[in-house]
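Have the 3D view open as you read.

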Amino acid sequence: MKRIVEFTVNGEPSEMTVDACCSLLDALRDDVGLTGTKKGCDVGDCGACTVIVDGQPVNACLMLAVEAEGRTVETIEGLQPGVDVLHPLQDAFMRHGASQCGFCTPGILMMAKKLLDDNPNPTDEDIRFGLSGNICRCTGYTKIFDAIKSAAREMEAARS
Amino acid sequence: MRRFDYHRAETLEHASRLLTELGDDTFLFNGGTDLLVEIRERLRRVRNVIDIKGIPGLSDITYDETRGLTFGALVTVGRLERLALVRQRYPNLREALASLGSIQVRNRATVVGNVCRASPSADTIPPLIADGAFIHIYSPTNMRVVPLSEFFTGPGRTVLAKGEIVTGITVPPAGDNTGKAYLKHGRRKAMELSTVGVAVSLSMDDGVCSDIRIALGAVGATVLRAPQAEAMLRGTTLDAATVKNAADKAMEECTPISNVRASADYRRDMVGVLTGRAIRQALETFA
Ligand SMILES: Cc1cc2nc3c(=O)[nH]c(=O)nc-3n(C[C@@H](O)[C@@H](O)[C@H](O)COP(=O)(O)OP(=O)(O)OC[C@H]3O[C@@H](n4cnc5c(N)ncnc54)[C@H](O)[C@@H]3O)c2cc1C
Ligand code: FES
Ligand code: FES
């Protein structure tokens, strides 16, 4: 039996029609059409599917779509503040070459956004702890760290 | 994904009734971080899941000096991990919480789910047992509170009967004379299941150890206590020689197996190393 789930995604009220056993990840990609969120492992190991639900990052593969009823979901498609404006993290990732194949990037950006929202000046250790649920097989992480620290500095400068 | 149906329970009584009425292959669905993985990897046959997250009254966290810390079945690992009280009073539990999976997993995984899955390597169980925690069980016929050390009957098995639901866990208060530690040993620092986990909770009165509990994870069919090692330590000053002898005793008391993560011999050796280290770390509280 299909169920209709009403929720808010990236600030817009939305609806999806799903099977009870459908993950939020599959529903976002196949039913809502938001394919920015990636499926790497489907069992919580890789973090490619990270979305923010009611303010907390979770693995969309480990949540059922029916559980999203009435909740607020933020995905990578909602990260940029305007049509032609990038989030400082997206900009820094491009400048630093922090994205190669790009498969991990949406999940890492969502995690990095949450990290900087909570902690505008993270140390390397804070970044390491914050990203321990996100696997990248291309970059070796160094450029990701550089990009996050650079974005943190730019966001700090923009605030003052 | 294998198909299953989803039910939302309104009350404990409702969830319990669904568990009995829907028949075999029906499971409570909490954070789902074990259940959904087991369904995807075809480790568990599931026809129905019963979501308990809408049941009122299971999300509370309370602390008082006589009863200690009580948290409901829906409290996530992440929520407890972020609590200053847990960091200050229960550093052993806090260490286990912060080492479980990733931030994303911890925002969904519940402590009660970690306990109910009854894995011998579950990180939250050793510190909770070392602290003498109790588990609250809702039952249509036999409501009860059970010491956590008596909750497990084997890997993946507990004393819960059909239709019974864990409503929460109480951890006794942590006095000023207590020291605690949890050491998780794995092949890497994050996103890793324990190869061995050792939790220690001890009390010192006038420089003498008045009580100590040692809980060993991933070295037996359930998380184990080390009663003989504990007996050797009680009433002593926890001097280096006594700690060494007790750690050797703990190695004899555990019953590890070999698997992909480590051999039985290696696990036993690590019990010796980590037991001594955990006692020393717990003692640092008084330094
Ligand atoms: C990527 C990843 C990494 C992980 N890393 C670790 C780790 O490092 N250490 C570790 O210990 N664990 C780890 N885990 C497992 C951990 O997330 C789970 O054990 C979790 O804590 C289970 O809680 P849950 O709420 O998700 O339970 P669920 O998956 O919802 O349920 C687990 C089991 O408990 C039963 N259950 C749930 N609630 C109740 C209740 N109230 N009463 C009776 N039965 C109940 C369910 O029916 C089910 O059988 C990891 C998991 C993932 C996906
Ligand atoms: S796809 Fe969800 S964590 Fe890998
Ligand atoms: S850029 Fe390829 S996995 Fe990270």
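## Around ligand 1

Start by finding ligand 1, which has 37 residues around it; the closest are B:Gly31, B:Thr33, B:Asp34, B:Thr110 and B:Asp123. Keep in mind that this model is predicted. Ligand 1 sits between chains A and B.

The biggest contributor is α7(B), giving four residues.

## Polar contacts and burial

Now zoom in on oxygen atoms of ligand 1. B:Asp34 has a polar side-chain atom 2.5 Å from one, and for B:Thr110 the distance from a polar side-chain atom to a ligand oxygen is 2.6 Å. B:Arg44 also places a polar side-chain atom 3.0 Å from an oxygen atom of the ligand.

How much of ligand 1 does the protein bury? On its own, the ligand exposes 1,000 Å², and 93% of that is buried by the protein.

## The nonpolar cores

Next, look at the largest nonpolar core, which has 38 residues. The members touching the most others are B:Val115, B:Leu128, B:Leu148 and B:Ile169. α8(B) provides the largest share of this core, four residues. Domain 2 (61-171) and domain 3 (178-286) of chain B each supply at least three residues.

Take B:Leu128 as an example: beyond its neighbours within four places in sequence, B:Leu128 contacts B:Leu93, B:Val111, B:Val115, B:Ala133, B:Leu148, B:Ile169 and B:Val171. Another core, of 36 residues, lies apart from this one and includes A:Cys21, A:Ala65, A:Val66 and A:Val73.

Technical notes:
Residues are numbered from 1 along each chain as its sequence is written. Chains are lettered from A and ligands numbered from 1 in the order in which they are written. This is a predicted model: local features need pLDDT of at least 70, side-chain atom pairs count only at pLDDT 80 or more; totals for chains, interfaces and linings use all residues. Side-chain values use heavy atoms; hydrogens and water are left out. A nonpolar core is a set of buried Ala, Val, Leu, Ile, Met, Phe, Trp, Tyr and Cys residues joined through side-chain atoms within 4.5 Å. Buried means under 20% relative accessible area, exposed over 50%, partly exposed in between (1.4 Å probe, protein chains only). Helices (H or I, at least four residues) and strands (E, at least two) are DSSP runs, numbered from the N terminus. Domain bounds come from an automatic or database domain assignment. Contact means heavy atoms within 4.5 Å. A residue is near a molecule or strand if one of its heavy atoms lies within 4 Å of it. A polar contact is a pair of N or O atoms within 3.5 Å; within protein, one must be able to donate a hydrogen and the other to accept it, and residues adjacent in sequence count only if both atoms are side-chain atoms. Accessible areas come from the Shrake-Rupley method with a 1.4 Å probe; for residues, only the protein chains shown count as cover.
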